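Okay, everyone, thanks for coming.

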2 protein chains.
Amino acid sequence: MRLLLVEDDLILKDGLERSFVKSGYAVDVISDGESANKLLTYQEYDVIVLDLGLPKLSGFEVLKRLRSRGANTPVLILTALEDTQNRVKGLDLGADDYLTKPFELAELEARVRALIRRGVSGGSAKIGFGGLTFDTTNRQCMAGDIALSLSAREIALLELLILKAAKVVSKTKIMEHLCSWDEEISENAVEVIVSRLRKKLLIFGVEIKTIRGLGYLLAKLENN
Amino acid sequence: MRLLLVEDDLILKDGLERSFVKSGYAVDVISDGESANKLLTYQEYDVIVLDLGLPKLSGFEVLKRLRSRGANTPVLILTALEDTQNRVKGLDLGADDYLTKPFELAELEARVRALIRRGVSGGSAKIGFGGLTFDTTNRQCMAGDIALSLSAREIALLELLILKAAKVVSKTKIMEHLCSWDEEISENAVEVIVSRLRKKLLIFGVEIKTIRGLGYLLAKLENN
DNA sequence: ATCAAGCTGACATGAAGCTGACAGCTAGTC
DNA sequence: GACTAGCTGTCAGCTTCATGTCAGCTTGAT
């Protein structure tokens, strides 16, 4: 899943980024409100972590403009201001969650996971597809009580496909969700990841269908 | 959909063209204002991407003359001039959107899509016909919750027919919409594409009628 | 009946996609 | 530091599929 972190504190920024990357997110970091606003006009994210105290354009303003463009991307607001007034203002503007500094890393991660879940699967931690169950909390995929042995890339791809249910996901979209700016992979790399994951899923009756020229979609295997 | 790109910067021109072609547009490129103006007197487009800083005739002038001929083709202005004055001037002259360089490719594409949608279907991304729903955003056609498996050409043709609702569309018009100059296909090729699409649509109660000597039109199948 | 317009099955070609092999990289272990 | 195992991207050669052309047919107007 692709995450945007808007934060100007240098130390916090680095720590959060490293931690999110380690958890398997594709993370982009930006440190002022104006750039964030511009970026959000054309780049979609699965979740945004937004500090309120930003240079150039406040977090409030970034959020307001994002919502006024009709985007419903989940936003978690991060701030030093503890008073209720700002909390209310943030939620009124369309924030989905709110965390005041100082906070525990684990709590932030849990809330981010919850936001992604809420947006896609109606809040439940486990999503089923065919004979598979995907657990978004520890990012593991189970078939019955067997845990599939998948690599990080494979899990990221499966997560995306399973969250998009039976919709076509283009190679470009896959590239966007698996990689942040500084990484860049070829279309062929996506094909390779698909090929490897496909092989592992087939055993469990789940198929990755190719829609030529458009992308891939997850489907239950038809037996006949 | 057919797109005209008026741009004199060599590098930008090439990049944009390649990207639009990849997205499935039929793209014509022209690099000076005078030729653009001349071309626009006889060739219709679905959307025009227009640079302001052009040799021979400015983008402003091209736009002004286009509008004075009564054409309401959506126009997106592209420019290095960032000041508000020019933005206002452009919009006053009848531009539909405005983007200042440097910009991200993805943003330009998103805005072009938005313009096409706005122009044709009143802003909604989905258009229905009979039992079919055509999603202009991700260029997919659904019958209920089944996605039709259509090739790129078939989708392009269906898009055109469905946008023109129950009006007759001539073979020449179809050729214009599916191809830019450098590609050229025969009338027979159109017949073949129609034949293939027709077969697939029949199952879903939608018929492509032939109006001999005039063209084709989309109709709901009458059962008797 | 004649002829042009249109239809469609068969085929060739090239692009899109697949996958085994390989090599560079990372993390863990001693 | 050196060794190992596993992950992951690139490449090359292969397969699959979309699409234009052609040929021979059907349809419809006069």
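**Chain contacts, a sheet and the DNA**

So, let's start where the two protein chains meet: six residues of chain B are in contact with five residues of chain A. Keep in mind that this is a predicted model. On the chain B side, helix α5, residues 105–121, gives the most, with three residues. By class, that side of chain B has three nonpolar residues, one polar and two charged.

Now, staying in chain B, have a look at the sheet. Here we've got an open sheet of five strands, in the order β2-β1-β3-β4-β5, with parallel pairing. Which strands stand at the edges? Those are β2 (26–30) and β5 (97–100) of chain B; each has a single partner strand, so one side of each is left without a neighbour in the sheet. From one strand to the next, the twist averages 15 degrees.

Let me zoom in on one pair. β1 (residues 2–6) and β3 (residues 47–51) of chain B pair in the parallel sense over four bridges. If you want a bridge to click on, Leu3(B) has Val47(B) in β3(B) as its partner. Lying across β1, β3 and β4 (75–79) of chain B is helix α3, residues 59–68, and it runs at about 150 degrees to β3(B).

Last stop, the DNA. How many residues surround DNA strand C? There are 18, and the closest are Glu191(A), Ser195(A), Thr210(A), Ser195(B) and Thr210(B). The elements giving two or more residues to that surface are α8 (187–202) of chain A and α8 (187–202) of chain B. By class, the surface near DNA strand C has four nonpolar, eight polar and six charged residues.

Notes: Residues numbered from 1 in each chain as written. Chains lettered and ligands numbered in written order. Predicted model: local features only at pLDDT ≥ 70, side-chain atom pairs only at ≥ 80, totals over all residues. Near = placed C-beta within 6 Å. Nonpolar A, V, L, I, M, F, W, Y, C, P; charged D, E, K, R; others polar. Contact = placed C-beta atoms within 7 Å. Pairing = 2+ DSSP bridges. Axes fitted to C-alpha atoms, helices over the stretch in contact; angles between N-to-C directions.
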